[in-house]
Structure formats: structure tokens, C-alpha cells
Number of protein chains: 2
Amino acid sequence: MRGLGLVSRFSTDAKQFPEAKQKFIPRSGTYPKGFSAGGSCCGIKKNGKPDLAVLFSDRPTTTTAVFTTNQFCAAPVQFDRQVIQGARQSGTQAVRAVVVNSGCANAVTGKQGLVDAQSMAAAGDALVARVDGKSTVGGNTLVMSTGVIGQALPVDKIAKGVEAMEIGQEHDMWMRAAIAHMTTDTFPKLLSREFELSGGQRVRMAGITKGAGMIHPNMATLLGTVCTDTAVSQEMLDRALAHSVARSFNAISIDGDMSTNDTIAVIANGAAANARIEAEGPEYVAFREALTEFMAELAGLVVRDGEGATKFITVEVAGAKSFADAKQVASTIATSSLVKTAFYGQDANWGRILCAVGYAGVPLETTKVNMAMYPGDGSAPLVLVQRGEPQLPLDEERASEILKQEDVLVRVELGLGDESARMYTCDLSHDYVSINADYRS
Amino acid sequence: MRGLGLVSRFSTDAKQFPEAKQKFIPRSGTYPKGFSAGGSCCGIKKNGKPDLAVLFSDRPTTTTAVFTTNQFCAAPVQFDRQVIQGARQSGTQAVRAVVVNSGCANAVTGKQGLVDAQSMAAAGDALVARVDGKSTVGGNTLVMSTGVIGQALPVDKIAKGVEAMEIGQEHDMWMRAAIAHMTTDTFPKLLSREFELSGGQRVRMAGITKGAGMIHPNMATLLGTVCTDTAVSQEMLDRALAHSVARSFNAISIDGDMSTNDTIAVIANGAAANARIEAEGPEYVAFREALTEFMAELAGLVVRDGEGATKFITVEVAGAKSFADAKQVASTIATSSLVKTAFYGQDANWGRILCAVGYAGVPLETTKVNMAMYPGDGSAPLVLVQRGEPQLPLDEERASEILKQEDVLVRVELGLGDESARMYTCDLSHDYVSINADYRS
């Protein structure tokens, strides 16, 4: 599946990325059957860096996606909604490819933007037809764009780039695709895992995401695609995605802004030949939990690359009456600039966290609230608040030890029920301000 | 009304405050009749700075207040709610004094906190009895506290301080009270104005506020008291406050956090002897609009002192179907870290603003949205978006001229109706991070 045209070569060596992020860059992987990937430099980015990626399935897929709810949603989002809808209604049309470009978001580009998204998808459809050696009914390609907004998409460069794209199943080809997703990201975000379904059948997932910034940073931001060789029905895939997105990509926050381009897609091609998952049951639950865990880890990579981030903070709220309540409180804590700045300052500011709990809008019994801080190294937690009362004087020495670590978990117990939720965020640093004050210039 | 005891002297010279804030510090004032003020150093702050203020009416007042909705509301808030309620239900009890301390918020202090708030109020009630020369039924004092949370209030220091407090009607005495409100504020926030009611009757208002930080900064934050000599009924005062707070103190945002202690009170003593405002009508409307304008200006002083703020940004959303819709969109723009950081970077990032409009949760017709930026010097605006389309290429030179100014207004027109709302905010700077990362230490 190589040699479809000219290829622009670039290095996939992990050493070109920051030292501190090396541990998050995989050197090998176990990839889902029937999928290929590739990345190249097609000339969208003025600096000549990789800006075009393709993910490809050798057979029809069951595909689902969630999109930004921003009303100024970008052309690719509008277009992909139609593709997904078309595949559901058609017996013959199915997603086979995802074409992704960085450098230009094709957002706030009016009607021409939609025409350009169609042309970009047509390039993907042509690739499918070429690889298959026969024409298709079309509608086989999802498109994703990220980068500068308000600029027209250079469609010709993308079409030529897709035509010349080299794709393959090797780890290096997936790395090429991941690198071509990057905008202000400081490292490529690629993950692959093999999971066991409850019947012992092994299935695989590979995911690429990009976000950099504050997770939803500069308009055109959060993109993610998970490819799996699991055989699963449309309905069960939809349900699994809804469940897992709420606990992964919708559970991360850097600054709370929601981009015009945010898209998370899951593409399942059934190449693992497991007994197709078509109903609730142990196989479905195993798949759903595997997907949730995988996507939470994938989304975590975006937080690790939060603009200026120095810490990975997990906010866990337990003892809520509902998942929605728990999430609401966790989200309020995780998006508080004061809380995030305190973490940057390595300040165990229980007051700011308690304050955020208090204005989250979820009814509380304040005298039942407990709060503790858990260090990433697994050593003993530090209790901050018990039954609504601060545990003073604070053990500043222990607090300082915990807050020096890169990973910190804050656990808040509401004492009202059995539901819990997690949010993943990072601290708010001087570098966040620097990066975002100077982005356009 | 002087010489009730020992007085700790301190300078009220404006020159001790930052050069850039000089223009916001009044050198004289026209104060409401029948009110006195004072401030002193009672020893709560370890650095010996002013930390105790009293506002005093020589006659019974009609008083109303709005409080934080944070469920971890501080003891003074819980106590004041009872005082306000008591005055409404009683024919004889009325608010006569406000005792304010800085340095300790009396927040998250449990049952003892409420006892301490009562003791603080008792000191105010005793002052009233002493000045009147006769005992009262009590319940005459509102208390407000701001500063560090989780620490017991030093009630003895406050009681002695109130006993020794010198109060007076002169500008300098109001300045003393304003200075004693300060925590991380860099300048005292005092305002006084004379207004004309529709019948030609002149009334006066004086207000003191504090906020510093991000308006709702470090837990114990936003306090404000407006004293007026207008004669107005309880019901009409309540209505006027609800209207004006929505357009002033609830229309400012620095970081969106809501403190445990936030309190805004309006105290009307009727000393102007105007025909008492008891119903809707031109007199009420004149009063309401005067109060709204006054409180918007007072709240603006808090934004001027936003932690690390370099700009005063007014976000105006017009053409909405309702005030609530307009406010929701304005608030979403004004609380976006990306938008605020762009202003700090003097970047005309219309994309981030448009993005915030898109996720505000108010239904839009995106092709009707206009956006422009107005400089504070009154010169021509710069159109950024027309009918949902960015006006590219952006006039970077003009954008740069506008964004160099301290005051900038962003106007967004939704094209859906006739309602509008404003939010007042500041930029998000490196200093914001520095101040808040290091607050407790």
C-alpha cells in the first residue's frame, strides 16, 4: 500500500521533542488490523513542517463522532456531520478514511469553507478508490482541520498531498500521522493498546490526538481519532463513545474555551473478527471500559501538553448524588483560575478549592465535605478538610512535598451519595500567559 | 462625633498609592447627609496597616443587601442576613452602622465564627448607643470581614478598635474608612456623587468598595457599601439594588470565582428629606438610574485594580432577545482566559471572541453577528466581523493603536432583538499569575 506518489520525508525521531515529554512518546506499538496511517508536509505551514495526515481502513467501518457544540462550528465539522449521517442512512456508504490537516482550521470561512471541506474529502475518496482499484459511492472520508482561523483552506496543496501520501501499518507511519496533527503541540500524541474482551478475544485500538494549548486553545483545537479492529454495531459504538467521551475528552479542561473545530471520532472496522457486539452485555461492557480507559489516557496526553503546564492535576469528586453533580463540582474546581494558579505556585490552597465547591451550583451539606490531596508517587495523602472544617495548622512541609510532584490528585467527598467523576487539568503558569498573549504574532 | 477613645493615626495621602492609580483616588467629595465614617489600625494585620472601618448613620435607615451565593458563605454573611431580615420584620429595629475589618475573613470558621460575628456587631451596637446617648433594641449593625480564611476573628481587637474609633463627615474620614477596607487592593476605592431626582431634589451617595484580586479573588473578597441620604421605601430600595447590582457588581468579572464573603449593601437614611420614593414612577426611575450609574462606576474601580490588570475592558452585547441572553454572551466573553490573555498581548483576536460568542449557550444566527472594537479615546472603532464574516485582512496598525489604550470596548451585535448588557473585565497578565501563585506565602 505504498508508493502512491511523491513523499515529503521528515524525521519521526522522538529526540526532536522536549526532554520532559519523552516518556509520553511511544517507540513502538500494537496497531489495529486493517488500518494504515501516514503523514507528510504538503505546504500549508509556511515553516515546511508536517501538516497532512491520513488514517485509512482497508474495509468498510462503523464510525461515530462527537463534535463541538460551538455555534460557529467550522466547515469540516458541518461536513463530517453530513458524512456520518449519510453512512447511517445508506446501506452501501461507509467511512474508510480520515484526512487531517494542520496549519489552517477552515473555520469562519463561510460557504467557500464548506466547498473546500468537500474537495478535501473528495481527495480522500479518490485515495480509497485507488487503493481498492474500483470506484466507490463516495462519502468515505471524514475531514479534520486545525490551525489558523479565518483563512481559506489551500485545497490544491491538500489534494496533491493526499494523492502523494504514503501510508502503512508500521509504527513509524502512525508516528508520521501523529506528528502531522501538531500545531502548538510540543509532542505528537499517539497511543496504541491491545485489550481482551470478556470472551478472551483480543482487539486493538490506536489513537491520535492533538490539542496543545489549553486543551481547547486557539479556536481550532482538539482533534482525536481512535481506530479499532473491534466488530461492533453502530448503536453500541455510539453508546460506548458517549460514555467514554464524558469520562475523557469532555473531562479535561485547560481554560474552558470550546473550539470551533473540536472533533472526536471512533472508527471500528471489525478486522479482529470478534463476535460482533450488538447489545448490552459483558462483551459490550468490556469494550466500553477499554475504550473509556484508552480515551482517558489519550485525552491525558493533551493535558500533559497544556500550554505552559507544569503539573497534571486529577480532580476527583466522590459521594455525589449523580455523575452529573460530581462532574459539575469537579469541573468547577478544574476550571478555577485561582485553583490552577495555586497549583502552579505549589500552594496547598484548600480555601480556593472549597470556595469552588461552594459555588459549583450543586446543593451541599457543607459539614459533610472532606478534602484530601494525593501525590502521584502513591505515598500517603494529606487531609485538608474534614466535615467542612480545615485541618489547621496545615502540614506545610508535607504539602510542599506533594505539590512538588508532577502528578497530583485532589479528592473531594461530598457525603451525599455514591456517584463520582474525575476531571483532568493542568496548572496556570506564566508560560500560559506568554504563549497566549503572543499567539497570532 | 469625635473623640470616642484612642485613635491610631495613619496617612490618607493619595501619593502613597501607585502612580497609575492616582486618577482614581478622590481628593474631595460631596457626602450624603447624616453619615459619618472612620478607619483605624486595630492590630488584625500583622504589618500594622489599617484594618478596621465604620460607616455610621445618625438616624434609622432603610437597608438592603445582596450576598454571595457560595454555599460555604462566611459567618458575617450568615449574620447579616439575619440583621436585614430582623430589620424588615421589626418596626423599631434599623441598621445604623456597618463595621468592616480587613486581614481576617472569618470564613470557614464554624460555629465560633458566627459567635464572633455577633460580638463584632455588638461593638457596633454599643457605638450607636453611645453616640445616641441611649440604649437601643440592638440589631443595628452589619458586619463585613475580608482577608485570610480559616482563622478565628480577633474579636477583642475589633471591639476595642470600634470603641476607640473616631468618625466624622469629612472627606478625610471617608478616606480612612476606604483605606481600612484594603487587602491586596493597591488603592482605596471611594466614590461620592450628588444626583438630582426628577423633581429637582438633590440627593447624595457615597460608596466604598474593595476587591483587588480578580474581583472575586482570594475567597474573602468583594465588599461594597453605598450610603445615600435619599428617602426611599424598603421595597423600592430592594428593587433598585437588584436592578443596579445586575449592571454593576454582578457585571464585573476578573476570574469568575465567587467568594465566601461577597456582600454589597445599600443604606438609605432619608436625610435629604426628599419626598419618600414609595412606588414606581419618575422619581424611582431617576433614583434607580443614579444608583446604577454610581454602582457601575464603583464596581469599575474594582476592575481597575484587578490583580495584574493593565486594561479595562468593557464587553457590550447588543441586539439580544433578552437582557439575560445579552449578559450571558457578554459574561462568556469576559471570562474567557483566551480572550483576556489576548487583550494583555494587545492582540485583536476576533477569533477568540467569536468563539466565546459561539459557546455561550445562547441561540444565534451566526450570519447576523457583527463585532467591533472601540478605543477609550473616542476615536473611530475598528470593525472586526460583519454578518458573521471576519473583515480580513485586519487593519493591524489601527488594531494596535486601539489596543495600546487602557480602556477598550468590544461591542458584539447579535441582530436578534433590542436588549443589551455590559460586562466589565480586565486582561489576564503575567502579574495575575505571580500574585495568585504566591498569595498565601
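Reply: Two strands pair if DSSP finds at least two bridges between them. Helices (H or I, at least four residues) and strands (E, at least two) are DSSP runs, numbered from the N terminus. This is a predicted model, in which local features need pLDDT of at least 70 and side-chain atom pairs count only at pLDDT 80 or more, while totals for chains, interfaces and linings use all residues. Residues are numbered from 1 along each chain as its sequence is written, chains are lettered from A and ligands numbered from 1 in the order in which they are written, and side-chain values use heavy atoms, with hydrogens and water left out.

Me: What makes strand S8 (residues 223-228) of chain A and S10(A) a pair?

Reply: Six bridges link S8(A) and S10(A), in the parallel sense. The definition asks for at least two, so the two strands pair. Within S10(A), Ile267(A) is the bridge partner of Cys227(A).

Me: Which way does strand S3 (residues 62-67) of chain A run against S10(A), parallel or antiparallel?

Reply: S3(A) and S10(A) are antiparallel, and six bridges join them. Ala65(A) has Ala265(A) in S10(A) as its bridge partner.

Me: Why is strand S10 (residues 263-268) of chain A called largely enclosed by the rest of the structure?

Reply: Buried means under 20% relative accessible area, exposed over 50%, and partly exposed in between (1.4 Å probe, protein chains only). Six of the six residues of S10(A) are buried, so the strand is largely enclosed by the rest of the structure. Thr263(A), Ala265(A) and Ile267(A) point one way, and Ile264(A), Val266(A) and Ala268(A) point the other way. In a regular strand the side chains alternate between the two faces of the sheet.

Me: Is Arg387(A) buried or exposed, and why?

Reply: Arg387(A) counts as exposed because its relative accessibility is 63%. This residue is in the loop between strand S13 (382-386) and S14 of chain A. Most residues other than glycine have a negative phi, and most peptide bonds are trans.

Me: Is Asn106(B) buried or exposed, and why?

Reply: Asn106(B) counts as buried because its relative accessibility is 1%. Asn106(B) is not a glycine, yet has a positive phi of about 50 degrees. Its loop runs between strand S4 (97-104) and helix H2 (110-132) of chain B.

Me: What is the peptide bond from Leu392(A) to Pro393(A), cis or trans?

Reply: That bond is cis, with omega near -5 degrees. Pro393(A) is in the loop between strand S14 (389-390) and helix H10 (396-403) of chain A. In chain B, the bond from Leu392(B) to Pro393(B) is also cis, with omega near -5 degrees.

Me: What makes Arg304(A) and Glu406(A) a salt bridge?

Reply: A salt bridge is a side-chain nitrogen of Lys or Arg within 4 Å of a carboxyl oxygen of Asp or Glu. The closest N and O atoms of Arg304(A) and Glu406(A) are 3.7 Å apart, so the pair meets the definition.

Me: Into which domains is chain A divided, and how many salt bridges are counted between them?

Reply: Chain A has domain 1 (14-304) and domain 2 (312-437), with bounds from an automatic or database domain assignment. Three salt bridges are counted between the two domains.
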